[in-house]
Amino acid sequence: MDVSGGSGQPRSGNDEPAEHSADPTAPATGPTDHPGPEPDRGPREEAGPPPAKPSPDTTGTPTGNGTGNDTTGNGTGTDTTETGTGGTPTGTRPTGTGTDGAPDHRSLAHSGIAKGEPPEPRPKEPGGGILMGRPFGVPVYVAPSWFLVAALITWVFGGQLDRVLPELGAARYLVSLFFAVAFYASVLVHELAHTLAAIRFALPVRRIQLQFFGGVSEIEKEAETPGREFVLAFVGPLLSLVLAGLFYLAMKPVEPGTVPGVLLAGLMVSNLIVAIFNLLPGLPLDGGRMLRAVVWKLSGKPMTGTIAAAWVGRALAVAVLVGLPLLNQSGALGGSGEDTGGMDTVTDALLAAILAAIIWTGAGNSLRMARLREHLPELRARTLTRRAVPVENDTPLSEALRRANAAGARALVVVDADGNPLSLVREAAIVGVPEHRRPWVAVSGLAQELTDGMRVSAELAGEELLDVLRATPATEYLVVEQTGEIYGVLSAADVERAFVKAMARPA
């Protein structure tokens, strides 16, 4: 289809004629508001959710630590959409890209909305938990799972206190609860170390979250050099080692058999465990990111570093699954192998299985996120843009859809008398208009007014494109040439499908 230039009139181009729909009132847009790919329903396209943020949290690098786990990953955003290869040369109008990126010459009647299928509700983004504060401008959340682990720590540590300080009685659980809170405060310090390093390197940090097995610092971009990657990963375990040393020094003047002595000893040991565990050289742990940085430096390829560190992480997961129960039974971790009962064996095996699953899953996620980042440059606004037709405010919806079908377009841009774009007709709004009412409904009533953030340059690609879309969440964006001429309409659903395809494509 031919989109208007500066005059607002369709101009000639090299577009091929599209198929004509049997339904001339079919809307000029493709499917929206679906939570992900659907089963095949015939010739229409699969739909993906039009996200408020095509990312996730996009191109983030969660970095964290835990009581026995660090969810450090090279994460990117969530559900995304397919991308095409190649682009439309400047000066021609896009024919609309299909899910494989090839020109899509189907008419509007072949879309899900054209069949009158209502969009499915978009799932809400998961919340971050309870907001505790914003140190350095970064929100800190406590996930609901933290309360579960806090109760578990209170119960386990309370049992230990009963053997060491039996005179405490029921008050030992208050002391244990204080220990749980103090330990997670140490975890927060660990995460703040990652956060401050990220801020120092001008990497945006989305949030810090304290959860079941520790904490996560969600860093939205990857470090630019292996040296920065190494520093970003190392500062967390380093701070945990420093805290362990400080608690050790604080123990010196305190009598060992007292409540302060027991608490300081517990905090020293727990921080030491966190530091040592996170230094293990496998993703998603901090040590895995350090290994990745070293391999990246030696090979010159970040993907090679990710692959090496991820497979070491998987080997660590197997080692934890098999080795942790054996070490506990042997007494190598401080217990007495002779005292190990059946319940203790089951508990050890369950803990090992949970840790192994977290490490294995994190390593796999790191591989997937790295593969996505490698294909991120393929996300180009020019390739993903849908062809659009200009219509004026008072144009009946049925007439606008007829013009779009005739031109093989999949989007509508509302323009003024001089051809200047005013708004974009929302795909979801078209579904709510019954076919028999479309001749009486003006497109202006279904349109979303354009803001500056909804105007996207056709030259944008990769992470730069995603940053622009994240800054102004919307379901559709007007794509313009550098001259200001209308190029077409970019749907957030198309961008999302491009992510899904990038995630599935092998490296």
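How many salt bridges does a search of the whole structure find? The search finds 16. The model is predicted. Three of these pairs are set out here.

| Salt bridge | N to O distance | Residues apart |
|---|---|---|
| Arg207 and Glu218 | 2.9 Å | 11 residues |
| Glu229 and Arg292 | 3.1 Å | 63 residues |
| Arg386 and Glu427 | 2.2 Å | 41 residues |

The side chains of Arg207 and Glu218 form a salt bridge. The pair links distant parts of the chain. Arg207 lies in strand E5, residues 205-211. Glu218 lies in strand E6, residues 214-219. Arg207 has a relative accessible area of 11%, so this residue is buried. Glu218 is at 13% relative accessibility and therefore counts as buried.

**Helix to helix.** Glu229 and Arg292 also meet through their side chains. Glu229 belongs to helix H3, residues 226-251. Arg292 belongs to helix H5, residues 286-299. Both Glu229 and Arg292 are buried.

**Loop to helix.** Arg386 pairs with Glu427 in a salt bridge. Arg386 sits in the loop between helix H8 (381-384) and strand E7 (389-392). Glu427 is in helix H10, residues 427-431. Are Arg386 and Glu427 buried or exposed? Arg386 is buried, because its relative accessible area is 1%, under the 20% cut-off. Glu427 is at 1% relative accessibility, so Glu427 counts as buried.

**A network.** Some salt bridges share partners. Which residues do they join into one network? The members are Glu222, Glu229, Arg289 and Arg292.

Terms used:
Residues are numbered from 1 along each chain as its sequence is written. This is a predicted model: local features need pLDDT of at least 70, side-chain atom pairs count only at pLDDT 80 or more; totals for chains, interfaces and linings use all residues. Side-chain values use heavy atoms; hydrogens and water are left out. A salt bridge is a side-chain nitrogen of Lys or Arg within 4 Å of a carboxyl oxygen of Asp or Glu. Helices (H or I, at least four residues) and strands (E, at least two) are DSSP runs, numbered from the N terminus. Buried means under 20% relative accessible area, exposed over 50%, partly exposed in between (1.4 Å probe, protein chains only).
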